[in-house]
Amino acid sequence: CLQPMMANTDRLTQLQDEIQRLSDFYGISIGVLQRDAPPLPLSLSPATTHSIGNNVNGGAVSVSSAEFNEFSANCKNMADNIIQTAKRIEHLITALPGVNRTEPQQYSRLAELEEENQKAGEAFLEAAGVAENILQELSIALTTISRDAIK
């Protein structure tokens, strides 16, 4: 009875992990873009070296086509990571039970689960009562044994 619930819990944990991973990829990607993006004019031709703006010392900042290509490749890799993670999230969401159910079906299932939960709670309370009775009987038996051993 617990096995399907454990599988769903595992899916939820996987989903949470993937959402966290996606958040991390977004944050890292934005940071890398801010740190590494060269200042480029809108009409950049990657086949040439360009002088763009001024650096701190007043000289021209140049961006070679190799640097541009490396930066572009890094951007593609970051985008691929984000896309793959988003696909895994989508797959995990569609694998969750009840996703394809209508709203009335979901309410019906929730009512069933609530009823199961109520029965499980009652069974737990009953088992706890039995355990208390056994504990009391054991306590009485141990007290009797210890009195007999002292005599």
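Colleague: How many helices and strands are there in the protein?

Modeller: This is a predicted model, and the protein has 3 helices and 2 strands. Along the sequence they follow the pattern α-β-β-α-α.

Colleague: Thanks! Why is Tyr107 called exposed?

Modeller: Its relative accessibility is 53%, and exposed means over 50%, so Tyr107 counts as exposed. You can find Tyr107 in helix H3, residues 103–150.

Colleague: What makes the nonpolar surface patch that includes Tyr107?

Modeller: Tyr107, Leu110 and Leu113 make that patch, which covers about 310 Å². For the surface as a whole, the protein exposes about 11,900 Å², and carbon and sulfur atoms supply 58% of that area.

Colleague: Now the inside. Which residues form the largest nonpolar core?

Modeller: That core has 6 residues: Leu15, Leu22, Ile82, Ile89, Leu92 and Leu96. Helix H1 (2–36) and helix H2 (65–95) each supply at least two residues of this core, and H2 gives the largest share, with 3 residues.

Colleague: What does Ile89 touch, leaving aside residues up to four places away in sequence?

Modeller: Ile89 touches Leu15, Glu18, Ile19 and Leu22. Contact here means heavy atoms within 4.5 Å.

Colleague: And what share of the 151 residues in the protein is buried?

Modeller: Buried residues make up 13%, with buried meaning under 20% relative accessible area.

Technical notes. Residues are numbered from 1 along each chain as its sequence is written. This is a predicted model: local features need pLDDT of at least 70, side-chain atom pairs count only at pLDDT 80 or more; totals for chains, interfaces and linings use all residues. Side-chain values use heavy atoms; hydrogens and water are left out. A nonpolar core is a set of buried Ala, Val, Leu, Ile, Met, Phe, Trp, Tyr and Cys residues joined through side-chain atoms within 4.5 Å. Buried means under 20% relative accessible area, exposed over 50%, partly exposed in between (1.4 Å probe, protein chains only). Helices (H or I, at least four residues) and strands (E, at least two) are DSSP runs, numbered from the N terminus. Accessible areas come from the Shrake-Rupley method with a 1.4 Å probe; for residues, only the protein chains shown count as cover. Patches are made of residues with over 30% relative accessible area and no salt bridge: like charges are joined within 9 Å, nonpolar side chains (Val, Leu, Ile, Met, Phe, Trp, Tyr) within 5 Å. A salt bridge is a side-chain nitrogen of Lys or Arg within 4 Å of a carboxyl oxygen of Asp or Glu.
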